[in-house]
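I opened my notebook for a structure I had not looked at before. These are the things I looked up, in the order I got to them.

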Amino acid sequence: MTQAVIESIAITKSYQMGSQNVQALAGVDVRIQAGEFIAVMGPSGSGKSTFMNMLGCLDSPSSGEIRIQGENVTHLAAAQLARIRNRYIGFVFQQFNLLPRTSALDNVMLPLLYRPDHSDAESFAIACLQQVGLAERMDHHPSQLSGGQQQRVAIARALVNQPAVLLADEPTGALDTETGLEIMQLFQQLHSEGKTIVLVTHEPEIAAFASRQLIFRDGRLQSDKAVQAASATEHLQQYRQQKMQEGLA
Amino acid sequence: MKWLLLFKVAWVALQVNLMRSILTMLGIIIGVAAVIIMLALGAGAQYEVDQQIKSLGGNVFIVFARGRATSGARGAAGSVQTLTEMDAEAIEQQIPQVTVAAPTMWASAQVIYGNLNWAPSIQGVDNRIFSAQNWQLNQGREFSAAELSSSGRVAIIGATVQRELFGASDPIGQSIRVDRVPVTVIGVLDAKGQNTQGNDQDDLIFMPLDTVRKRISGRTLASPRAVRSIIVQVADERDMALVEQELESLLRQRLRTTGTDDPFRIRNLSEMVETRARTMQIFNGLLAAVASVSLLVGGIGIMNIMLVSVTERTREIGLRMAVGAEPADIMKQFLIEAMLMCSLGGMLGLSIALLVTKGLEKFAGFTAIIQPEVVLLSIGFSALIGIFFGYYPARKASRLQPIDALRHE
């Protein structure tokens with residue numbers, strides 16, 4: 001068996017909310033192989049976001065282990081976790097989380113600023129912006145970009161450190177349907193280029209573009225199955241045709 | 001993260017809330033400006049006092065003759081001349097730390113030149129007075145040996161006397177009348193200006209000791225070589241206390257004094273000036289202390305705004321942590337921001353202080369000296385305030401949990 005990029009071994013997470021003890025995760029085992037495109041689904045409160053934060057080393061489990069490329073990162077100190085995130089993880093958020101009043105290029109370069117040994121951050125960042133189709137807008141500030149463009153910048157930022165895995169938390173949640181489809185098209189393109197992607201969503205239509213679906217319920221993995229991925233490009237074409245017909249009618 | 005980039009990030013953050021940054025800096029600006037101005041005025045006052053002491057001779061004693069008490073009834077000061085030129089010579093020869101002991105007489109008399117008259121202080125001296133009191137000749141020459149030994153009718157006049165009697169014309173070789181005695185002017189002294197008490201030091205005329213004794217004062221003297229005071233200059237200021245003791249014992253012995261009541265009095269010229277200087281220093285120190293309180297208040301303002309800034313930018317902090325910023329990176333970022341704000345405030349405060357002191361010097365006649373170390377100190381100190389008051393907010397930022405920070409609304 002090949003080594004997993006990220007795996008979770010029996011992770012649990014519980015926390016106090018007032019006097020109540022909440023069990024957010026109750027033993028989850030997942031192995032993610034290189035090159036997979038995984039959709040993590042489930043209703044709110046099912047533990048999917050908590051799981052995602054564990055994978056991204058933003059949060060640590062109450063018990064169990066997280067391994068990144070075979071290395072146990074569960075009990076590392078804050079600084080070491082920051083280094084792991086910097087080298088192995090690329091985050092894409094629902095709200096983009098770009099720095100305001102900072103150019104697209106500088107936003108994309110941000111992860112490399114925390115890697116003092118990295119030379120040539122700028123050409124890396126430009127290459128990533130090219131990859132998401134925004135190279136000509138690298139001097140624009142987030143406020144000068146549309147939502148879809150902002151999310152593309154955020155994706156370029158997630159790619160710039162050449163992460164082992166791209167973690168996207170509801171990346172289409174703040175976008176309209178068409179832009180959302182465009183972003184999914186971009187994710188599928190990145191997947192075809194060999195990137196490992198984990199995407200959290202509560203929309204089945206979005207999850208349909210992944211090739212493996214994890215469904216969470218009550219802090220447990222309810223199902224884990226490989227599926228035939230739908231093509232975002234086709235859906236986008238259909239959607240545009242439909243809209244054009246509606247416009248004509 | 002590289003230092004240059006950290007500074008760039010901090011600079012951008014300050015510009016984003018430009019008005020707020022400036023208002024926050026204002027506390028530091030005012031504090032630094034106030035401290036520097038106070039220290040500059042203090043240093044200026046000290047400088048002036050030092051100059052005065054130097055012109056007086058900080059290493060100078062004056063020994064005055066006092067009236068001897070005979071059968072309990074004291075004569076007026078100087079009514080009996082107890083000190084003589086021989087005492088001056090003894091002081092010079094027997095106390096090794098003494099460089100010069102200049103005997104002086106003095107009298108007051110009307111001085112007349114043409115249709116002008118003036119009433120300066122008339123001092124009987126010999127050439128030792130020049131080194132004892134740091135007098136320089138502006139024009140002319142010192143007394144010759146012959147003039148000194150034969151009550152020569154010559155005078156060296158002070159700058160004020162020259163101005164009042166001669167105006168712009170050349171006084172050398174002119175004849176003036178001092179208390180009806182015609183006297184030839186052979187020299188003019190360099191001006192010394194006012195002393196600390198506001199007295200004009202240049203309003204005097206030097207004449208040979210004997211000339212004053214015999215021709216001007218007209219007093220019955222206890223001894224033909226009596227003098228009214230001896231100006232004693234000590235080589236090294238540190239020996240002042242020792243020389244004072246030696247003077248005391250030497251003169252008591254020479255004047256055969258047995259009781260506690262000395263027929264002379266020793267005064268240190270710089271004492272009074274120094275007392276004034278000390279008062280001034282205390283006053284300035286107090287003002288600087290008050291000014292530094294405003295620096296402290298400014299620092300608290302910085303802390304306040306940095307705390308607000310950390311709260312406002314919690315999501316930014318979360319994002320930076322998510323993409324790999326270590327707690328130390330976040331800490332550095334906010335510390336540098338606080339430090340930058342304070343150093344900028346310090347530099348602006350310094351510029352204001354420079355302008356204000358220049359203005360005070362020009363329009364109010366103050367002497368203000370901004371010492372380079374004060375400049376370095378105040379800039380460094382304000383950066384330190386930035387670090388001190390920026391530390392708590394920066395630490396708070398660095399201890400945020402990335403997950404909570406990202407979720408912060």
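This is a predicted model: local features need pLDDT of at least 70, side-chain atom pairs count only at pLDDT 80 or more; totals for chains, interfaces and linings use all residues.

**Entry 1: what I am looking at**

**Entry 2: where the chains meet**

I began with the contact between the two chains. How many residues of chain B are in contact with chain A? I get 22 residues of chain B against 23 residues of chain A. The area buried between them is about 2,100 Å², and carbon and sulfur atoms give 63% of that.

Next I checked polar links across this interface. The rule finds five residue pairs in polar contact there. I then asked which elements give two or more residues to chain B's side. They are α1 (3-16), α10 (314-322), α11 and α13 (402-407) of chain B. With six residues, α10(B) gives the most. Sorted by class, the side of chain B that touches chain A has 12 nonpolar, two polar and eight charged residues.

**Entry 3: the salt bridge across the interface**

The rule finds one salt bridge across the interface of chain B and chain A. Which side chains meet in it? They are those of A:Arg83 and B:Glu326, at 2.8 Å from N to O. B:Glu326 sits in the loop between α10 and α11 of chain B, while A:Arg83 belongs to helix α2 of chain A.

Are the two partners buried or exposed? B:Glu326 has 18% relative accessibility, so I put it down as buried. A:Arg83 comes out at 37%, so it goes down as partly exposed.

I stayed with helix α2 of chain A, residues 78-88, and listed its buried residues: A:Leu81, A:Ala82, A:Ile84, A:Arg85 and A:Asn86. What do the buried residues of α2(A) pack against? In chain A I find β4 (63-68), β5 (71-72), β6 (89-92) and α3 (104-113). From chain B, α10 and α13 join the list.

**Entry 4: the core**

Then I went looking for the largest nonpolar core, which has 79 residues. The ones with the most contacts inside it are A:Phe51, A:Ile68, A:Leu167, A:Val198 and B:Phe334. Its largest share, 11 residues, comes from helix α11 (residues 327-364) of chain B. I jotted down a reminder that in soluble globular proteins nonpolar side chains tend to be buried together.

Leaving out residues up to four places away in sequence, A:Leu167 touches A:Met52, A:Leu55, A:Gly56, A:Ile89, A:Gly90, A:Phe91, A:Val92 and A:Val198.

**Entry 5: salt bridges inside the chains**

My search of the whole structure gives 24 salt bridges over all chains. One of them I followed in chain B, where the side chains of B:Arg213 and B:Glu85 meet at 2.4 Å, N to O. Why does this pair tie together parts that are 128 residues apart in sequence? Because B:Arg213 lies in helix α7 (residues 209-216) and B:Glu85 in helix α3 (residues 85-94) of chain B. Both B:Arg213 and B:Glu85 are buried. I also see that salt bridges with shared partners join B:Glu85, B:Asp210, B:Arg213, B:Lys214 and B:Arg225 into one network.

A:Glu182 is in helix α6 and A:Arg240 in helix α8 (residues 232-248), 58 residues apart. A:Glu182 is partly exposed at 21%, and A:Arg240 is partly exposed at 37%.

**Entry 6: two positive phi values**

Most residues other than glycine have a negative phi, and I wanted to look at exceptions. A:Gln162 has a phi near 45°, and this residue lies in the loop between α5 (147-159) and β7 (165-169) of chain A. A:Glu170 has a phi of about 50°, in the loop between β7 and α6 (177-192). A:Gln162 is exposed, with a relative accessible area of 54%, whereas A:Glu170 is buried at 9%.

**Entry 7: B:Asp126**

Last, I looked up B:Asp126, which I found in the loop between β8 (121-125) and α4 (128-132) of chain B. Its relative accessibility is 11%, so it counts as buried. Beyond its neighbours within four places in sequence, B:Asp126 is in contact with B:Pro103, B:Leu148 and B:Leu209.

How values were computed: Residues are numbered from 1 along each chain as its sequence is written. Chains are lettered from A and ligands numbered from 1 in the order in which they are written. Side-chain values use heavy atoms; hydrogens and water are left out. A nonpolar core is a set of buried Ala, Val, Leu, Ile, Met, Phe, Trp, Tyr and Cys residues joined through side-chain atoms within 4.5 Å. Buried means under 20% relative accessible area, exposed over 50%, partly exposed in between (1.4 Å probe, protein chains only). Helices (H or I, at least four residues) and strands (E, at least two) are DSSP runs, numbered from the N terminus. Contact means heavy atoms within 4.5 Å. Buried area is the accessible area (1.4 Å probe) that two parts lose on being put together, summed over both. A salt bridge is a side-chain nitrogen of Lys or Arg within 4 Å of a carboxyl oxygen of Asp or Glu. A polar contact is a pair of N or O atoms within 3.5 Å; within protein, one must be able to donate a hydrogen and the other to accept it, and residues adjacent in sequence count only if both atoms are side-chain atoms. Ala, Val, Leu, Ile, Met, Phe, Trp, Tyr, Cys and Pro count as nonpolar, Asp, Glu, Lys and Arg as charged, and the others, Gly among them, as polar.
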